[in-house]
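Trainee: I should like to learn how to read the features of a structural model. May we go through one together?

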Amino acid sequence: MRQFIKTKERIGFMRFRGVFALISGLLLIASIVSLSVNKLNFGLDFTGGTLIEVGFPQAAELDQVRSTLEAGGFDDAVVQNYGTQQDLLIRLAPREGVKAEELGTQILTTLREGIDNSIEMRRIEFVGPNVGDEFVEQGGLAMLTALICILIYIAMRFEWRLAVGAVSALAHDVILTLGLFSALGLEFDLTVLAALLAVIGYSINDTVVVSDRVRETFRKYAKLTPTQVINRALTDTMSRTLITSLTTILVLLALFFVGGQLIHGFATALLFGVFVGTYSSIFVASSVALSLGVSRDDLMPTEVEKEGADQDPLQ
Amino acid sequence: MLNKYPLWKNLLVIFVILLAALYALPNIYGEDPAVQISADRQATVDAATLDLVRETLKSEDISPKSIALEQEQVLVRLSSDKEQLQAREALNKRLGDHYIVALNLAPATPSWLKSIGAEPMKLGLDLRGGVHFLMEIDMNEAMRKILDGMKDTIRSSLREERIRYTNVSVEDNAINVELRSDEDFQQAEQYLDGRYQGYQMVVDAETNTVTMRMTEQKLAETRDYAVSQNITIMRNRVNELGVAEPVIQRQGANRIVVELPGVQDTARAKEILGATATLEFRMVDTENDVRDAVNGRVPFGSELLPSRNGGPQLLKEDVILTGDHIVNAGVGYDEYNRPQVNIELDGVGGDKMSLATKDNVGKPMATVFMEYESTGERDAEGNLQFNKKAEVVSVATIQSRLGSSFRITGVGPQEAQNLSLLLRAGALIAPIQIVEERTVGPSLGQQNIDAGTQAIIWGLVLVLLFMVIYYRKFGLVADMALAANIVLIIGVMSMIPGATLTLPGMAGIVLTVGMAVDANVLIFERIREEIRAKRSPQQAIHHGYDSALSTIADANITTLIAAIILFAVGNGPVKGFAITLAIGIITSMFTAIVGTRAIVNSVWGGKRLSKLSI
């Protein structure tokens with residue numbers, strides 16, 4: 001039998017609680033600072049504006065494209081390579097007074113007339129400023145609703161201390177992932193938001209498995225201290241936690257490398273999210289529950305008075 | 001003890017997987033390039049059309065794979081994209097204005113599969129290529145139009161009743177009627193009270209004013225009507241464009257989603273869909289002088305409008321007829337080869353026109369071309385602002401009483417084309433603006449499909465390898481469950497009529513592949529623990545499955561909550577991710593728990609074991 005962790009010895013995870021709390025705390029602060037200084041690099045979905053992806057027959061010369069666009073009156077256009085040398089992404093901020101929905105076509109015509117008639121239109125996206133604001137609102141709302149619904153479910157199934165632990169782990173993962181996107185200046189669009197919600201789903205999955213074990217261990221071993229119980233539960237689930245993270249990271253790597261440009265941000269958010277999600281379900285969720293004073297009494301099944309419980313069994 | 005599944009459970013597993021496989025099957029047959037022919041309201045598609053199509057294709061040397069008449073449409077399957085374009089061009093020329101020839105990709109599903117309702121998954125625009133528009137309706141203008149109509153009605157009925165008024169005006173969802181005398185006021189009060197449904201009467205005896213205010217219910221109804229009317233007209237226009245399988249849906253209070261798969265020429269699509277052009281017919285005010293009006297003295301009841309050729313024209317405010325009554329319009333040429341638009345009116349329109357022109361023979365009538373242009377700005381309530389652009393395109397003397405069919409001149413050739421198309425499809429009740437657009441070219445669509453498929457295959461291969469290396473024979477069982485899970489996801493996606501596969505949806509499948517084995521990992525780790533705790537292999541299997549069950553359920557339900565919320569608030573592509581994720585979670589619970597147990601039971605469950613390959 002191959003195993004990642006030999007379960008004979010219990011690992012004293014909770015002994016390093018202070019160290020990990022410090023690491024998490026620092027990372028959280030760094031993320032929040034980055035979020036408030038750098039802000040998030042919101043994509044078109046949220047800012048509004050026009051984006052056009054074009055394919056050139058051969059490697060595109062950025063300077064030529066820029067000057068052509070400038071001559072055509074689009075001096076605020078941001079031009080960059082997208083994935084390959086032949087593909088370009090051109091962005092324009094929302095403009096006043098111009099029929100924004102026509103910008104994409106105008107740019108394409110300008111490029112075709114100015115550079116090469118065989119330039120291919122790959123994608124045009126236009127989002128009105130109001131729609132962008134709505135996406136921000138909806139996205140934030142989705143995130144909050146998800147967190148609250150999960151909190152309620154866990155509180156019902158487990159116990160409030162474990163629920164708070166689970167949700168703190170979630171918030172931890174979301175903030176760190178947002179922090180990464182802000183620090184690296186990666187574009188934050190709707191697919192990344194979807195990835196973030198998937199991270200929430202994944203991280204909670206992990207945390208639930210651990211919490212489940214914590215509860216079971218509390219019930220099984222009356223004599224252990226809460227710290228010992230949590231150490232034991234974490235050790236017992238360690239193997240599973242690592243294997244599942246590994247298989248998930250494997251598929252995400254596939255997505256990252258062969259899934260195409262459009263899905264890159266999505267894959268990045270999930271890869272990082274799964275990584276911190278694994279860390280947080282081991283170190284954050286349980287230590288928060290422990291700090292809140294989770295104990296055996298909290299987790300014993302509520303006694304249900306059964307009919308005939310006061311009589312002797314029939315045997 | 002022995003682990004055995006009752007026969008029905010084994011059969012259930014086999015049945016479910018076979019059923020899903022059957023419905024997933026159409027996806028491997030691919031699609032044929034096709035041309036789809038349908039008729040507008042003026043024509044029908046029947047056997048004669050079928051013959052005509054066959055003949056046309058033959059004369060063009062195009063040999064189609066098949067030609068079929070189904071659901072009042074002719075579907076021609078062709079063997080290449082090139083032939084598809086040739087066929088469309090030829091058919092368009094031959095069939096004429098009343099037939100719509102659209103390009104399409106027809107699934108090459110064999111007929112035995114079709115007969116049980118099996119169809120391939122619907123692909124989203126990001127995979128298939130096409131345009132997605134989100135359009136917002138200008139509600140202010142819609143309300144104004146309706147109130148204006150009401151104003152005219154009240155005015156003419158007061159006139160008929162010989163109740164004298166000094167002014168009838170529209171103000172904030174209400175119509176103010178100022179009466180000339182106390183006597184008129186009393187008459188008006190009596191006459192108007194309760195006459196118009198949905199309007200509430202408020203009177204002010206001091207100023208002799210009667211106000212007809214729209215009730216809240218009527219307001220809501222009117223808004224709904226404006227949206228649904230616009231949707232109907234949008235549908236007509238999309239049909240005129242010749243798009244196969246378009247989606248036109250309402251979204252929220254004042255928005256419409258339009259999805260046009262396969263459309264490349266977005267400029268034309270936008271021009272036609274967003275156009276608010278309509279016509280109005282009005283009498284020219286010949287009693288007053290245009291020059292006075294230009295100098296600022298516009299007579300009461302008249303309006304000064306710019307003219308396309310030459311100076312401004314003074315027209316009566318009363319509209320004889322609006323574009324709504326036009327049932328058909330086509331382009332023609334007069335004897336000097338100048339373009340003209342031939343117009344046919346419906347019964348009501350014909351009557352109105354006939355009534356209005358009866359007493360006006362010899363007088364000039366103007367055709368007014370009206371269009372709304374978005375200014376891109378919004379008012380305090382967030383409503384879009386539009387400029388109304390009205391222009392006199394032609395003034396013609398009424399030669400004789402007009403009926404339900406006549407023609408207008410004074411437009412350019414391209415304009416005549418577009419105008420006749422728009423008039424055929426109907427005028428939008430309220431102007432609209434495109435607030436979101438996403439266009440994906442066909443090569444990017446195919447590239448997305450390839451990338452998504454690659455990611456799924458690579459992800460699957462990596463996980464399959466890992467599981468069989470780490471858990472050996474039990475890993476093989478988990479691998480079988482994983483493969484079955486993919487089949488189930490595709491089968492279910494194909495079965496649900498509204499489900500669409502998008503690129504994020506494919507990412508959802510990839511993610512599910514990675515997470516679906518989690519249930520098996522949980523179970524197998526439990527079994528290993530039980531074995532370490534010196535339980536017999538059979539007991540270990542039994543307890544392993546049992547004790548992992550509640551954990552798996554908890555973990556999956558929480559992920560499902562996230563997926564459902566994502567579905568509820570997400571837009572198109574994100575919804576696609578939520579769907580595959582949710583379906584994947586549910587199917588993976590079935591394959592990973594019930595499916596693997598069925599295999600484990602039948603392989604290891606029935607015999608004495610001393611060791612497990614786990």
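**Reading a two-chain model**

Mentor: Strand β5 (residues 120-127) of chain A pairs with β21(B) in the antiparallel sense, over five bridges. Strands here are DSSP runs (E, at least two residues), as helices are (H or I, at least four), numbered from the N terminus; two strands pair if DSSP finds at least two bridges between them. Within this pairing, Ile124(A) has Thr439(B) in β21(B) as its bridge partner.

Trainee: On what conventions does this description rest?

Mentor: This is a predicted model, in which local features need pLDDT of at least 70 and side-chain atom pairs count only at pLDDT 80 or more, whereas totals for chains, interfaces and linings use all residues. Residues are numbered from 1 along each chain as its sequence is written, and chains are lettered from A and ligands numbered from 1 in the order in which they are written.

Trainee: In which element of chain A is confidence lowest, and in which is it highest?

Mentor: The term pLDDT denotes the predictor's confidence in each residue, from 0 to 100. Where pLDDT is low, the predicted coordinates should not be read in detail. In chain A, the lowest confidence falls in helix α10 (residues 296-299), with a mean of 77, and the highest in α1(A), at 93. Chain A averages 85, and 90% of its residues score at least 70; chain B also averages 85, with 96% of the residues scoring at least 70. The model as a whole scores ipTM 0.86 and pTM 0.80.

Trainee: How many residues of chain B are in contact with chain A?

Mentor: Two residues are in contact if their C-beta atoms, placed from the backbone, lie within 7 Å. On that basis 62 residues of chain B touch 59 residues of chain A. Elements giving two or more residues to this side of chain B include β21 (432-440), α13 (442-495) and α16 (572-605). By class, this side has 35 nonpolar residues, 19 polar and eight charged. Nonpolar covers Ala, Val, Leu, Ile, Met, Phe, Trp, Tyr, Cys and Pro; charged covers Asp, Glu, Lys and Arg; the others, Gly among them, are polar.

Trainee: Which residues form the covered face of strand β8 in chain B, and which the uncovered one?

Mentor: In a regular strand the side chains alternate between the two faces of the sheet. In β8(B) (residues 174-179), Ile175(B), Val177(B) and Leu179(B) form the covered face, while Ala174(B), Asn176(B) and Glu178(B) form the uncovered one. Strand β7 (residues 165-171) of chain B runs antiparallel to β8(B), joined by six bridges; Val170(B) has Ile175(B) as its bridge partner. Two residues lie between the strands of this hairpin, where Asp172(B) takes a positive phi near 40°. β8(B) also pairs with strand β10 (residues 209-214) of chain B, antiparallel over five bridges, and there Asn176(B) stands opposite Thr211(B).

Trainee: Why does Ala21(A) count as partly exposed?

Mentor: A residue is buried if 20 or more other C-beta atoms, placed from the backbone, lie within 10 Å of its own, exposed if 12 or fewer, and partly exposed in between. Ala21(A) counts as partly exposed because it has 15 C-beta neighbours inside 10 Å. Ala21(A) belongs to helix α1 (residues 17-37) of chain A. In chain B, buried residues make up 44% of the 614 residues.
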